[in-house]
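Keep the structure open beside you and try each task before reading its solution.

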Amino acid sequence: MEIIVQETAEQASMLAARLIAKTISDKPDAVLGLPTGSTPLPLYKELIRIHKEENLDFSSVTSFNLDEYLGLGPEHPQSYHHFMYENLFNHINIPAENINIPDGLTENVPSFCIGYEQKIKDKGGIDIQLLGIGSDGHIGFNEPSSSLTSRTRIKTLTPNTIKDNARFFENESAVPRHVITMGLGTVMESRECILLAFGEAKAEAVRQSVEGPLCAMVPASVLQMHNRSRFFIDAEAASKLEKVEYYNWVFSNKPAWQQFEK
Ligand code: F6R
């Protein structure tokens with residue numbers, strides 16, 4: 001696990017965007033796992049800029065989104081379909097047929113979930129999985145107590161997450177209760193994980209995920225078991241970490257070949 005602390009969310013997002021851009025340059029048919037929410041917005045902006053100004057080519061890239069609200073169709077302004085097209089897909093040259101997002105209107109959730117897992121396998125697995133984190137430690141919508149080996153399935157949101165996400169809806173009661181989400185086992189099979197966390201509200205979840213025990217009650221702590229996981233966080237999200245000086249020391253003492261392109 002590598003903990004990369006930058007002063008601001010923008011700085012952390014720029015570094016992580018470079019890493020994703022490099023993955024795509026090295027492997028033009030890379031498979032990306034993508035989140036929604038406020039956290040990845042600066043990174044998506046930077047990927048769009050790199051596409052427009054440096055010709056980063058998404059024409060052979062495939063994407064799989066982590067989750068979607070059940071009951072919301074792709075045209076719903078709060079659906080994750082809508083979010084992804086508005087904030088990324090409409091601005092890059094990824095072909096529509098390469099975009100995969102769980103279907104919030106599926107009539108057969110279990111069968112849809114099996115098919116989603118199969119599609120990821122058929123594409124050769126996810127090369128780089130981008131993640132945000134909930135204030136309760138969730139990744140995707142794997143809420144506390146999610147099995148650490150779970151697969152894509154339906155989940156019920158916690159009242160805490162409904163409250164956190166109410167800012168996107170008219171009020172709390174408009175937030176769907178159910179979602180389809182990739183499981184922790186699905187995320188763990190990706191070849192590389194990048195988790196972004198910004199702001200004080202994420203500091204406790206980051207502390208527990210990085211320095212606490214591996215535990216289903218803190219779903220992001222499963223990343224302690226991933227052999228290539230990196231947290232890109234800002235100073236506020238790092239504010240409760242005990243060993244932050246060590247993480248900074250490691251980052252500034254990387255051998256030249258391991259250093260990040262800025
Ligand atoms: C959404 C997702 C969630 C969010 C998390 C943080 O696709 O996977 O785990 O990353 O709820 O949301 P924000 O970024 O809005 O704080």
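**Exercise 1. Find how many residues surround the ligand, and which are the closest.**

Solution, step by step:

1. In this predicted model, the ligand is surrounded by 15 residues. The closest are Thr-39, Asp-67, His-138, Gly-140 and Lys-202.
2. Next, sort the shell by class: four of its residues are nonpolar, eight are polar and three are charged.
3. For Thr-39, the distance from a side-chain N or O atom to an oxygen atom of the ligand is 2.4 Å. The corresponding distance is 2.8 Å for Arg-167 and 2.9 Å for Thr-36.

**Exercise 2. Decide how helix 2 and helix 3 are oriented to each other.**

Solution, step by step:

1. Two packed helices are described by the angle between their axes and by the distance between those axes.
2. Locate the pair: helix 2 spans residues 41-54 and helix 3 spans residues 80-87. Their packing angle is about 45°, and their axes are 10 Å apart.
3. Helix 2 and helix 3 are therefore oblique to each other.
4. See who makes the contact: helix 2 contributes Leu-41, Tyr-44 and Ile-48, while helix 3 contributes Phe-83, Met-84 and Asn-87.
5. Sort these residues by class: five are nonpolar, one is polar and none is charged.

Terms used
Residues numbered from 1 in each chain as written. Predicted model: local features only at pLDDT ≥ 70, side-chain atom pairs only at ≥ 80, totals over all residues. Heavy atoms only, no water. Axes fitted to C-alpha atoms, helices over the stretch in contact; angles between N-to-C directions. Helix = DSSP H or I, 4+ residues; strand = E, 2+ residues; numbered from the N terminus. Parallel < 35°, antiparallel > 145°, perpendicular 65-115°, else oblique. Contact = heavy atoms within 4.5 Å. Nonpolar A, V, L, I, M, F, W, Y, C, P; charged D, E, K, R; others polar. Near = heavy atom within 4 Å. Polar contact = N/O pair within 3.5 Å; in protein donor to acceptor, adjacent residues only side chain to side chain.
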